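Open the model in your viewer and keep the selection panel at hand. The stops below run from the whole chain down to single side chains.

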Amino acid sequence: ALRYAAPELKEDREAVLEAVRLDGRALAHAAPELRDDREIVLTAVRNFGSALAFAAERLQSDHIVALAAVTQDGMALFHVPRELCAHRGIVLAAAQQCGSALMRAAPALRDDREIVLAA
């Protein structure tokens, strides 16, 4: 319950890492500098893909982080920057996890037979 933790715990890297390992949504309550920590964000999105919404902008744009997020929760594609919504591999992974993710895919990928069939 990082949400109710003392401010110093929200800044403690090991405490935050453990919290997001247990529940990726805890990333929302981590100190800003820890929401910009790639290991912490990857751990969070592997647990709860949509935790990507709480990550620093540069990590939301990170291909590996985005792929991990949509692999766990296809709807995390809604938290991926538009330019990555045109990346075939990311959209395919999202569609395989949740067909509704196609709503966020770049228009050209909505015509991709493999992606549509995966959804």
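Here is what to select, stop by stop.

**Before you start**

This is a predicted model: local features need pLDDT of at least 70, side-chain atom pairs count only at pLDDT 80 or more, and totals for chains, interfaces and linings use all residues. Numbering starts from 1 along each chain as its sequence is written, and side-chain values use heavy atoms, with hydrogens and water left out.

**Stop 1: the whole protein**

Show the cartoon. There are seven helices and zero strands; helices (H or I, at least four residues) and strands (E, at least two) are DSSP runs, numbered from the N terminus. The order from the N terminus is α-α-α-α-α-α-α. The radius of gyration is 15 Å, close to the 14 Å that the globule rule gives for 119 residues, so the protein is as compact as a globular protein of that length. That radius is taken over C-alpha atoms, and the globule rule is 2.2 Å times the number of residues to the power 0.38. Along its principal axes, the C-alpha trace spans about 50 × 20 × 15 Å.

Of the 119 residues, 46% are buried. Buried means under 20% relative accessible area, exposed over 50%, and partly exposed in between (1.4 Å probe, protein chains only).

Contacts here are heavy atoms within 4.5 Å. Among contacts between residues at least 6 apart in sequence, 36% join residues at least 24 apart.

**Stop 2: the nonpolar core**

Select L27, V45, V70, L77 and V80. Of the 40 residues in the largest nonpolar core, these touch the most other members. Such a core is a set of buried Ala, Val, Leu, Ile, Met, Phe, Trp, Tyr and Cys residues joined through side-chain atoms within 4.5 Å. α6 gives the most, with six residues.

Zoom in on L27. Not counting residues up to four places away in sequence, L27 touches V20, L34, R35, I40, V41, A44, A51, F54 and A55.

**Stop 3: helix α3 and its cap**

Select residues 38–47, helix α3. I40, V41, L42, T43, A44 and V45 are buried there. The buried residues of α3 pack against α2 (13–22), α4 (57–60) and α5 (63–72).

Step back to D37, in the loop between α2 and α3. What does D37 cap? D37 caps the N-terminal end of α3, with a side-chain oxygen 3.0 Å from the backbone nitrogen of E39. The backbone nitrogen of I40 lies 3.1 Å from a polar atom of the D37 side chain. A polar contact is a pair of N or O atoms within 3.5 Å; within protein, one must be able to donate a hydrogen and the other to accept it, and residues adjacent in sequence count only if both atoms are side-chain atoms. D37 counts as buried, at 15% relative accessibility. Beyond four places in sequence, D37 touches R13 and L59.

**Stop 4: R21 on α2**

Select R21, in helix α2. R21 is partly exposed, at 46% relative accessibility. Leaving out residues up to four places away in sequence, R21 touches T43 and N47. The C-alpha atoms of R21 and V41 are separated by 9.8 Å, and the two residues are 20 apart along the chain.

**Stop 5: Q60 on α4**

Go to Q60, in helix α4. Buried or exposed? Q60 is buried, with a relative accessible area of 15%. Its side chain reaches the backbone oxygen of A55 at 3.3 Å. Neighbours within four places in sequence aside, Q60 is in contact with L52, A53, F54, A55, A66, H79, P81 and L84.

**Stop 6: helix α6**

Select α6 again. The buried residues of α6 are I90, V91, L92, A93, A94 and A95. They pack against α5 and α7 (113–118).

**Stop 7: the cysteines**

How many disulfides are there? The count comes to zero, a disulfide being a pair of cysteine sulfur atoms within 2.5 Å. C85 is in no disulfide; the nearest cysteine sulfur, that of C98, is 14 Å away. C85 is buried at 1% relative accessibility, whereas C98 is partly exposed at 21%.
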